[in-house]
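Subject: Structure handover

Hello,

Here is the structure you asked to look at. Please open it beside the sequence and read the notes below with both in view.

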Amino acid sequence: MHTPAVAVGATCAADVAAAVSFATAQGLPVAVQATGHGPVRNADGALMITTRRMQGVSVDPARRTARVEAGVKWQKVMAAAAEHGLTGLCGSTSDVGVVGYTLGGGMGSLGRKHGFAADAVLSVEMVTADGVLRTVCADTEPELFWAVRGGKGNFGVVTALEFELFPVPALVAGGLFFAGRDAAAVLHAYRTWAPTLPEEVSTSVAVLRLPPLEELPPPLRGQTVVHLRYVYAGEDPALGTALVAPMESAGEVLLGGVGPMPTTALDAVHMDPTDPMPGWEKGMLLADLPAEAVDAFLAVAGPDVQVPLMMAEIRQMGGALARPARVPDAVPGRDAAWSVFVVAPMVPELAEVVPAVGRGVLAALAPWAAPGRMVNFLGDVSGPDEVLAAWDVEAAGRLLAVKRAVDPDDVFSTGYALRARRG
């Protein structure tokens with residue numbers, strides 16, 4: 001629940017500029033909320049700008065680009081792009097906002113083929129702390145353009161993005177739910193199978209503890225299961241089907257399948273819930289996933305452990321995610337081979353237990369950790385120093401230099417904030 005000093009429902013970039021100018025004149029920090037997806041931190045005493053009313057989407061099929069305003073969710077973009085045989089670099093669910101997801105990097109189901117969503121950004125329209133609306137790109141303000149693509153909301157309020165769209169090849173995708181008792185067999189098979197895949201394939205695997213809800217299929221209702229997620233975005237559908245075959249016999253399949261899929265249906269791969277719920281989440285990166293790491297993961301998050309976790313996920317990286325963007329940006333974590341992400345229900349009865357359990361999962365994998373963190377997966381942070389540690393020393397220094405240049409008074413100091421003024 002937010003308790004801001006002032007709330008502004010912006011309908012256009014001019015509203016955002018006026019709100020930021022008012023806030024700085026009054027000495028108020030500025031917080032921004034677009035779709036409200038993800039961890040919510042109270043904007044207590046701030047001027048909070050909501051951008052959900054800014055819903056403009058335009059697609060240029062000749063240039064293969066989209067311009068998207070700040071309140072738009074991915075589902076609207078994916079539908080508009082699909083009309084022209086194109087797609088955007090959406091995440092595991094299209095029910096999240098385009099801008100927040102992209103500014104934090106954006107690692108989605110087509111990431112190993114096309115890279116991070118931030119890599120595809122061509123220009124950024126944003127209001128900085130001086131109340132000025134700027135169009136920022138590689139030619140106009142290259143250092144700010146580098147920083148905002150990966151540096152989240154530290155440098156201003158983004159009112160619109162222009163980014164590349166990509167032609168859709170033969171998409172073969174889906175998911176397999178395995179019985180929890182086969183978790184060890186499935187995860188060990190996964191860790192040896194995934195590195196053999198071409199970069200046209202993106203995969204992840206997660207241990208899910210599902211509630212006993214009637215809307216869930218009976219084989220999954222109230223069960224702990226292992227969910228394999230698979231997306232092939234290459235030229236040969238037969239190859240896409242053949243590549244997943246070795247995993248189909250890794251354990252008992254309770255539900256699911258893999259087959260041709262339109263880009264507008266990619267939510268069916270991860271099947272992320274869309275209803276609001278209080279949650280605790282946090283992630284880390286791994287340099288390697290040997291058998292010992294899988295055993296350590298199962299010992300703290302597997303089906304045989306009684307822990308209040310909704311999801312403990314291992315996601316394959318590499319491919320285009322490991323390469324620098326064509327126009328370099330501030331997205332960290334490109335040297336990692338795997339991403340780990342833990343989500344747990346943050347209900348009052350578990351408020352003291354959940355963070356310890358979640359951090360315990362990540363601590364168990366510390367021997368195989370890679371440097372840095374994914375910004376969108378930072379989750380619960382202790383403060384600006386933990387945020388800054390997501391980047392290496394050189395990138396962190398560059399980010400702070402940009403922060404001091406465009407926001408020296410820390411007007412944008414909520415969420416995953418860096419601080420221009422130390423102390």
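Is A31 buried or exposed? The model is a predicted one, and in it A31 has a relative accessible area of 4%. The cut-off for buried is under 20%, so A31 counts as buried.

A31 is found in strand β2. Leaving out residues up to four places away in sequence, A31 touches A43, A46, L47, M48, I49 and T414. A66 lies 35 residues from A31 in sequence, and the two C-alpha atoms are 26 Å apart.

Next, the sheet that holds β2. Strands of a sheet pair through backbone hydrogen bonds, and the pairing is either parallel or antiparallel. Here 3 strands form an open sheet with parallel pairing, in the order β1-β3-β2. The edges are taken by β1 (6–9) and β2 (30–33); each has a single partner strand, so one side of each has no neighbour in the sheet. On average, neighbouring strands are turned by 20 degrees against each other, direction ignored. Between β1 and β3 (residues 47–50) there are 4 bridges, in the parallel sense. One of the residues involved is G9, whose bridge partner in β3 is T50. Helix α1 (residues 13–26) packs on this sheet and touches β1, β2 and β3. The direction of α1 makes about 175 degrees with that of β3.

Now a pair of helices. Two packed helices are described by the angle between their axes and the distance between the axes. For α6 (residues 183–193) and α9 (residues 291–301), the angle is about 145 degrees and the axes are 10 Å apart. Their crossing is right-handed. On the α6 side the contact is made by A183, A184, L187, H188 and R191, and on the α9 side by A291, V294, D295, F297 and L298. These residues divide into 7 nonpolar, 1 polar and 2 charged.

Last, a residue in a loop. R334 lies between β16 (311–316) and β17 (338–345). Its relative accessible area is 13%, and the cut-off for buried is under 20%, so R334 is buried. Which residues does R334 touch, not counting those up to four places away in sequence? They are F116, D119, A320, L321, A322, R323, P324, A325 and D329. A polar atom of the R334 side chain lies 2.7 Å from the backbone oxygen of R323.

Regards

Note on methods
Residues numbered from 1 in each chain as written. Predicted model: local features only at pLDDT ≥ 70, side-chain atom pairs only at ≥ 80, totals over all residues. Heavy atoms only, no water. Axes fitted to C-alpha atoms, helices over the stretch in contact; angles between N-to-C directions. Helix = DSSP H or I, 4+ residues; strand = E, 2+ residues; numbered from the N terminus. Left-handed = near helix turned anticlockwise from the far one by under 90°. Contact = heavy atoms within 4.5 Å. Nonpolar A, V, L, I, M, F, W, Y, C, P; charged D, E, K, R; others polar. Pairing = 2+ DSSP bridges. Buried < 20%, exposed > 50% of the residue type's maximum accessible area, 1.4 Å probe, protein only. Polar contact = N/O pair within 3.5 Å; in protein donor to acceptor, adjacent residues only side chain to side chain.
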